[in-house]
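Subject: Structure handover

Hello,

Here is the structure you are taking over. Please keep it open while you read the notes below it.

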Amino acid sequence: MTKKDVDGGWAWVVLVASYMNGFLLSGVCYMGGMFQVVLLEHFQQSVGLTAWVTSVYASLMFLAGPLASLITSYFDCRTSVMLGGLLLAGGLAGSSFATSLSVFFVFFGIIAGLGLGLTYTPCVVIVSYYFEKKRIFVTSVALSAAGTGFLVAPLLFRYLLDNYAWRECLIFLAAICFHITLFGALMFPIHERKRGRNLSKFCKQGREGLSEDVNSCSLIKANASDDGNHPRVTFNENIEQESKFLRGDSEPPKKGTITQSRGTTESQLDIFKNLAFVVLCVNQILVNASCGIFNIHLAAFCEYYGTVPQKVAYVLSVNGPANMVSRILLGAFSHASEQNVWIIYNGVLLTSGTIFCLMPLFAKTYVTQMIAVILIGTYLGGSYALTPILTIECVGVTRLATAFGVTLICAGLGLLVAPPLAGWFVDLTGSYDYSMYLAGGLMFLSVLVGFVVPQLIKSKNEYHIKTEYAVDVETVDSGFEIGTSL
C-alpha cells in the first residue's frame, strides 16, 4: 500500500466494500425475527425451541468476534471476510435442504451465524486502517450501513416470501450473501503481506542475537496487535524506526531491541479487576437480552394481534431510519451537552423499557405497532452510540479495544439466552404479551445496574485522589524534615 492509498485512492474502494458488507450483514441478521415465524409454521415446534435457532444465529455475530480477530491477526482482514462470506452463503443454502429443525439449526444457526461473526469485525477494522485524517467520519459512514440494512431487508424478504417458497428464498439470500466474499476480495492486504515478509526476514536475521529461546519470533508475531489486524513489534527505543521497518522503508532494528509484551497483556486483563467495568458488562448483557427478545419475537407479536405479514415487514423496516438518526443525534448530543452521559444513557434505556411494557396494552394495531417500533429505534438504537464513551469512562482509552471487545461478547450472551427464555413464556402462557413484559423487565433491571456504575467510578476516583494526596503530603513532610535538619 502506498501513501496515496491512505485517506484516498484504494481506501475509498475499501470503504464502499465495507459499507456494502455492513448493509448485507445487518440486513440478513435482522431478518431472524421473520425467519422465526416461518420456522414455527413449517416445523411446528415450540416457540422456545425454535427461538434457539434464531438466537444462536444472531448472537454469533458478536460471539465469533474473538475468532475473527485471531484469523485477521495470523492472516489478514480479507481472509476472514471471504471465509465468513462463504460460510454465511453456504449455511443459508444448506439450510434450504433441511428436513428437520435440528438440521436447520446446524446450517442456519451455527454455520451461517459463524459466517456473520467472521465478517463483521474485520469489515470495521479494515476501514480504520486505510483512513487516518478522516477515520472518525468514515467509520461512522461504515457503521451507518446497519440502518440501511434494517430498512431494506424486511421488505426484500417479504417480497421473496410472497413470490417464492421459503426454501427458494434461502437460496436467493445465499446468492446475495455470496457478494460479501466478492466485496471482501477488494480489501487487498498488500501492506500486511509486506509487513509479514519484513517481519519474517527480521526474525531470521535476529534469531542468533536474541537472548530468548527459539520461540521468540513466534511470540513477537502472536503477542503484538494494536488493532487486531496489523502486527506490531514493541521496541525499547526509537519507535519511528519501528514504523519505517514495518512499512519496509528501512532495515530491521539492531539485535536485542525487542521485548515481549507479556506485561502489556497482563495490564489489559486488569480490566476484569475493575468492578465498574464488570457491572457495565452485566448491564450490556441485560440490555442486549431485552433487545434480542424484541427483534426476534416482534414479527410474531404483530401477527398475533392480526397484522398481515405484508404490513409486518413495514413495521420492522421503520426501525432502520430511526436507528440511523438516533445514533447520529444522540452521539453528537452526548459530546456537546454538559449533562452526565450516564443520565442520558439510563434515561433512554428507561424509556425503552417503558415502551416494551406498554406494547401489549396499546400496540395492537398496525399504526400503533409502527409508532412503537419508531420509538424503540429512536431510544434503544441511540444507546449503542454511547457504549464506547461509557467504556472509556470505566477503563480509560488505553484499554478501550480490549474492553469494548468484552462488551461485544456480553452482548452476544444476552442475545443468545433471552429469546428462547421469552419463547418459553409464550409456550407456557399462549400469549406474546409476556415476551414484551420480559423484555421490559430486563431493561428496567439494566437501568438499575446502570445507575451503580457511575457510583463505582466515583468511588474509585476518590480513592486514587486520596492515595495521591497522601503520597504528596508524605513527600512534602519528608522534605520539610530534611530541610530543618540541615
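Helices (H or I, at least four residues) and strands (E, at least two) are DSSP runs, numbered from the N terminus. The structure is a predicted model, in which local features need pLDDT of at least 70 and side-chain atom pairs count only at pLDDT 80 or more, while totals for chains, interfaces and linings use all residues. Residues are numbered from 1 along each chain as its sequence is written, and side-chain values use heavy atoms, with hydrogens and water left out.

The chain as a whole

The protein chain has 21 helices and zero strands. Of its 486 residues, 49% count as buried (under 20% relative accessible area, with exposed meaning over 50% and partly exposed in between; 1.4 Å probe, protein chains only). Contact means heavy atoms within 4.5 Å. Taking contacts between residues at least 6 apart in sequence, 83% join residues at least 24 apart.

Helix 1

Helix 1 covers residues 10-30, and Ser 18 lies in it. The expected span of a helix is 1.5 Å times one less than its number of residues. For the 21 residues of helix 1 this gives 30 Å, which agrees with the 30 Å between its end C-alpha atoms. Helix 1 is mostly covered, with 15 of its 21 residues buried. Ser 18 is buried, at a relative accessible area of 3%. Leaving out residues up to four places away in sequence, Ser 18 touches Cys 123, Val 127, Ala 142 and Met 187.

Helix 2 (residues 32-43) has twelve residues and should span 16 Å; its end C-alpha atoms are 16 Å apart, so the two agree. Ten of the twelve residues are buried, so helix 2 is largely enclosed by the rest of the structure. Among the buried residues are Gly 32, Phe 35, Leu 39 and Phe 43. Gln 44 follows helix 2 and has a positive phi, near 55°.

The axes of helix 2 and helix 14 (residues 275-304) come within 6 Å and cross at roughly 60°. Axes are lines fitted to C-alpha atoms, for helices over the stretch in contact, and angles run from 0 to 180 degrees between N-to-C directions. The two helices are therefore oblique to each other (angles under 35 degrees count as roughly parallel, over 145 as roughly antiparallel, 65 to 115 as roughly perpendicular and the rest as oblique). From helix 2, Gly 33, Met 34, Gln 36, Val 37 and Glu 41 meet Asn 295, Ile 296, His 297, Ala 299, Ala 300 and Glu 303 of helix 14. These contact residues divide into five nonpolar, four polar and two charged (Ala, Val, Leu, Ile, Met, Phe, Trp, Tyr, Cys and Pro count as nonpolar, Asp, Glu, Lys and Arg as charged, and the others, Gly among them, as polar).

Ser 383 lies in helix 18 (residues 366-383) and counts as buried at 2% relative accessibility. Its C-alpha atom is 8.4 Å from that of Ser 326, 57 residues away along the chain. Not counting residues up to four places away in sequence, Ser 383 touches Leu 330, Tyr 345, Val 348 and Leu 349.

Helix 19 (residues 387-395) packs against helix 20 (residues 400-429) at an angle of about 120°, with the axes 10 Å apart. That angle makes helix 19 oblique to helix 20. Thr 387, Pro 388, Thr 391, Ile 392 and Val 395 of helix 19 make the contact with Leu 400, Ala 403, Phe 404 and Thr 407 of helix 20. The residues of this contact divide into six nonpolar, three polar and no charged.

Regards
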